[in-house]
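Dear colleague,

I am passing on the structure we spoke about, and below it you will find notes on what turned up when I went through it. Please read them with the structure open beside you.

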Amino acid sequence: MADLNVISICGSLRKGSFNRMVMNGLPGLAPAGMSIKEAPPFDAFPLYNADIQNSTGFPAPVNTLADAIRAADGVIFVTPEYNFSLPGGLKNALDWVSRLQNQPFVAKPIAIQSASPGPVGGARVQYDLRKMMCFLDALTLNKPEIFVGSVATRVDEKTGELKDETTRNLIKQQLESFAKFIARHGGKG
Amino acid sequence: MANEDNLDVIVICGSLRKGSYNAALARMLPKLAPAAMKLRAAPPFDTMPFYNFDIQNTAGFPAEATAFADAIRAADGVIIVSPEYNWSMPGTLKNAIDWVSRMQDQPFEDKPVALQSAARGAMGGARMQYHLRQSLLSLDAVLFGRPEIIVTFAPKKFDEKTLELTDQPTIDIVTQQLTAFDRFIRRVNGKA
């Protein structure tokens, strides 16, 4: 299998984010040949406004993120759920890149993970994000799904390391499936 | 409220662009509302930072988020008029909701909310509305049901130059929604 260049996008901006802890653990759980690097940040995007797009064009950080998505073989979202849906910050990032010519998510393999302190583990954000990815013509991996519930008990809060063996194994399985999925659907066979 | 019989309703527009059809629809509402429903625009959310708990924890809630929340709390009801972006609500609007959702005395709790959307296409923003309903459900808002306002093919329904809503069937159904929302607010807020 060719080497796979995968980028990860974290939906939370806070430093101590549990989702960021999960995301930081991904490179260590990825199959051989899959590299996972964090995508360029979206926290300096302006709030989407077509008037900005039409007068001054796309902001530079939007193009940077979009270029990174285009260049990647796959994208992994690791995001919290806010109010039964996506964080507004992450949705704003998707809104910006969705307006670009050569829209970067078209035919792009996507995998989704979420973590939360509660028992549901962010399931609702995942189904909402799936719908948006459907509109953007991305190719979203189905299974296994990664819902890290009760996340505070599964990480070392001091080091930020994902300790829970069950979760680590499930993530390994997802990343292996994602590698196969990319090979099958991402033109990297 | 100056007059106990009046209803104070705020209108939140989900689009930031000047020529927005949704903003045009929102501007029409005072003309179409029943006499006792007083509509005003909600304070803007366009300079709120992206929600980040670290900001909340160090600098506290941004003044704009607090002003937005105060206006929602003070209102008898809220009407959200929003476009659909990528089959859902604009990230900007969701960000504003995310901020106020973290406040003590969360402003949407038990608040009557009605939704409207306009779009160029045949779906009229319907998917955004069901998504927004889901988020407002998490906030324990009291969501108005029917009639729904889903303005399809918006460029045909607004005057190209003035952006005034000119389509009579749309004017009629918006008028019906506002009349029904007036009754709904009085019923759920115990103001009947």
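Chain B has an average pLDDT of 95, with 97% of its residues scoring at least 70. Please bear in mind that this is a predicted model, and that the predictor assigns the complex an ipTM of 0.79 together with a pTM of 0.88.

To begin with chain A, its secondary structure consists of 6 helices and 6 strands, which follow one another along the sequence in the pattern β-α-β-α-α-β-α-β-α-β-β-α. The radius of gyration of chain A is 16 Å, close to the 16 Å that the globule rule gives for 189 residues, so chain A is as compact as a globular protein of that length. Of the 189 residues in chain A, 48% are buried, and among its contacts with a separation of 6 or more, 79% are between residues 24 or more positions apart.

Turning to the contact between the chains, 27 residues of chain B are in contact with 27 residues of chain A. On the chain B side, helix H4 gives the most, with 7 residues, and the residues of that side divide into 10 nonpolar, 11 polar and 6 charged.

Helix H4 of chain B, residues 91–101, is itself mostly covered, since 10 of its 11 residues are buried, including B:Leu93, B:Ile97 and B:Trp99. These buried residues pack against helix H4 (88–98) of chain A, as well as against helices H3 (63–74) and H5 (126–138) of chain B.

With best wishes

How values were computed
Residues are numbered from 1 along each chain as its sequence is written. Chains are lettered from A and ligands numbered from 1 in the order in which they are written. This is a predicted model: local features need pLDDT of at least 70, side-chain atom pairs count only at pLDDT 80 or more; totals for chains, interfaces and linings use all residues. pLDDT is the predictor's confidence in each residue, from 0 to 100. A residue is buried if 20 or more other C-beta atoms lie within 10 Å of its own, exposed if 12 or fewer, and partly exposed in between; C-beta atoms are placed from the backbone. Helices (H or I, at least four residues) and strands (E, at least two) are DSSP runs, numbered from the N terminus. Two residues are in contact if their C-beta atoms, placed from the backbone, lie within 7 Å. Ala, Val, Leu, Ile, Met, Phe, Trp, Tyr, Cys and Pro count as nonpolar, Asp, Glu, Lys and Arg as charged, and the others, Gly among them, as polar. The radius of gyration is taken over C-alpha atoms; the globule rule is 2.2 Å times the number of residues to the power 0.38.
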